[in-house]
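This report describes selected features of the structure shown below.

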Amino acid sequence: MKIYSPAGSVGRPVHGLAEAPKPLRQSRLVGLDNGKPGAALLIESAGQRIAQISGASWLGVRAKGSAATPVEDLLLSELVNDADCVITGTAD
Amino acid sequence: MSGMNDDSLNCENDICALPQVSSNVQPELELMSEDPEELLALFEANGWGDGLPLVAPTEERVEAMLAVGGELATAPPDEIIATLPPRFGQATRRLLAVNAVLAGCPNGVLPVITSAVRALTHPQINLRGVIATTHPVVPLLIVHGTAVDDLGFNSGQGTFGPGCRANASVGRAIRLILLHIAGSATGTGDASTQGQPSKYSYCIAENTEQTPWESYPERCGVSADSAITVACGENPHNFHDMETDRPELILEKAASVMMTLGSNNGPVSSAEFFVVFGPEHAATIAAAGWSCEDIQNFIFETARARASVFRRHFQVTQYADWIKQLHDDDLMPITDDPQNIRILVAGGPGKHSCVIPSWGMTKSVTLPVMA
């Protein structure tokens with residue numbers, strides 16, 4: 001007996017992970033606050049420490065509008081322009 | 001449409017604007033027998049299903065689900081109705097029918113399911129967020145109009161509960177569609193910390209016959225014989241009043257349930273609440289001459305606490321500007337607009353009603369039932 005698959009096809013190509021970053025020395029590092037309590041503090045601390053040990057430039061944390069919605073297009077383009085590497089978090 | 005503005009009607013950049021046809025899908029999975037255990041094992045092995053037994057989606061059953069009379073009989077089965085995040089799976093009528101069969105739906109309900117999927121793609125639903133959040137939010141499907149009786153939905157006693165095939169299976173079909181097509185499996189798509197029972201099935205019907213006001217779709221500006229509403233929220237929070245004939249005392253109980261500080265709506269002032277009245281509470285309120293607008297305004301004024309209470313509990317907030325300006329001793333509403341308090345009548349005899357808090361960053365959508 002043959003049956004249908006319930007999942008069907010995918011409408012947009014799934015983006016693979018970006019190429020692994022080169023050594024961070026002299027790169028521009030930016031944090032993205034995902035909007036959850038404590039995220040900005042954690043990311044700021046982690047970003048400063050990573051910059052310190054890697055030789056990267058820490059440019060601080062930017063915040064998206066809401067934890068419940070995707071990052072805004074304008075902020076995304078700013079991140080693409082301003083950063084070589086972005087640190088962020090997921091969930092709570 | 002409930003709470004919609006012009007921007008939200010513009011689907012240009014949204015996933016609902018995809019006039020495409022998928023390649024004709026064929027039955028491709030092989031089963032050795034009709035044994036339900038074999039089907040369940042196959043689905044488990046692929047990470048599909050909700051853990052409950054399923055009906056095998058054979059070609060015959062899927063064709064029967066697609067082949068209802070009228071407009072839908074000629075609707076292209078492989079037209080893409082929507083692309084559902086986070087997986088961005090393409091939802092065709094045939095694939096919706098496959099999941100309806102799996103859920104045990106009776107033939108004839110596919111237009112209700114198709115319309116619900118269309119509603120889920122509206123930007124104000126924020127489906128990606130609804131699926132991905134750690135909150136237990138899930139889409140509630142409300143069926144209105146002639147479809148309720150025609151398709152056998154239960155709008156009366158126990159409408160949220162078991163015993164009605166249409167309510168149970170259509171609600172389950174929506175969940176299977178989200179699991180399979182949207183990719184909302186626990187862990188990989190759905191991050192809900194604890195989940196909630198309505199993630200198995202969440203479908204009710206409006207008790208129009210015992211609604212003393214205009215029907216819900218009419219109040220939303222939707223004129224159709226049948227309609228659906230999709231509202232993403234928590235499980236129902238019951239409240240009862242066995243004694244009073246005064247609307248204020250019933251509505252104060254609704255307001256007290258809405259005011260729980262544990263709700264996700266506490267830090268999001270634009271959040272919706274559904275207040276679902278049992279017919280007896282609705283009759284008591286209407287007999288005193290109260291309109292739905294009166295109810296919304298009364299609850300809006302009553303479901304409040306001092307602003308300092310909210311501020312003590314929530315540091316990360318999304319409040320309207322005028323709420324941010326309130327002084328600590330001002331009474332702050334749990335939601336920033338009376339229109340966010342959605343009034344519905346459902347259920348049967350008894351003095352119980354319920355409140356359904358939303359997740360905050362989502363608004364309900366009401367659409368006509370269509371192919």
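In this predicted model, the largest nonpolar core holds 108 residues, of which Ala100(B), Ile113(B), Leu141(B) and Ile228(B) touch the most other members. The element that gives the most to this core is helix H8 of chain B (residues 165–182), with 10 residues. Domain 1 (6–234 + 364–368) and domain 2 (237–357) of chain B both contribute residues, so the core lies between them.

Which residues does Ala100(B) touch, not counting residues up to four places away in sequence? They are Met65(B), Cys105(B), Val109(B), Leu110(B), Ile113(B) and Ala173(B).

Chain A contains an open sheet of three strands, ordered S3-S2-S4, in which the pairing is parallel. Strands S3 and S4 of chain A stand at the edges, and each has a single partner strand, so one side of each is left without a neighbour in the sheet. On average, neighbouring strands of this sheet are turned by 25 degrees against each other, direction ignored.

| Strand | Residues |
|---|---|
| S2(A) | 28–33 |
| S3(A) | 57–63 |
| S4(A) | 85–88 |

S2(A) and S3(A) pair in the parallel sense over five bridges. Leu29(A) stands opposite Trp58(A) in S3(A). Helix H2 of chain A (residues 73–82) packs on the sheet and touches S2, S3 and S4 of chain A. The direction of helix H2 makes about 160 degrees with that of S2(A).

Terms used. Residues numbered from 1 in each chain as written. Chains lettered and ligands numbered in written order. Predicted model: local features only at pLDDT ≥ 70, side-chain atom pairs only at ≥ 80, totals over all residues. Core = buried A, V, L, I, M, F, W, Y, C linked by C-beta atoms within 7 Å. Buried ≥ 20, exposed ≤ 12 C-beta atoms within 10 Å, placed from the backbone. Helix = DSSP H or I, 4+ residues; strand = E, 2+ residues; numbered from the N terminus. Domains from an automatic or database assignment. Contact = placed C-beta atoms within 7 Å. Pairing = 2+ DSSP bridges. Axes fitted to C-alpha atoms, helices over the stretch in contact; angles between N-to-C directions.
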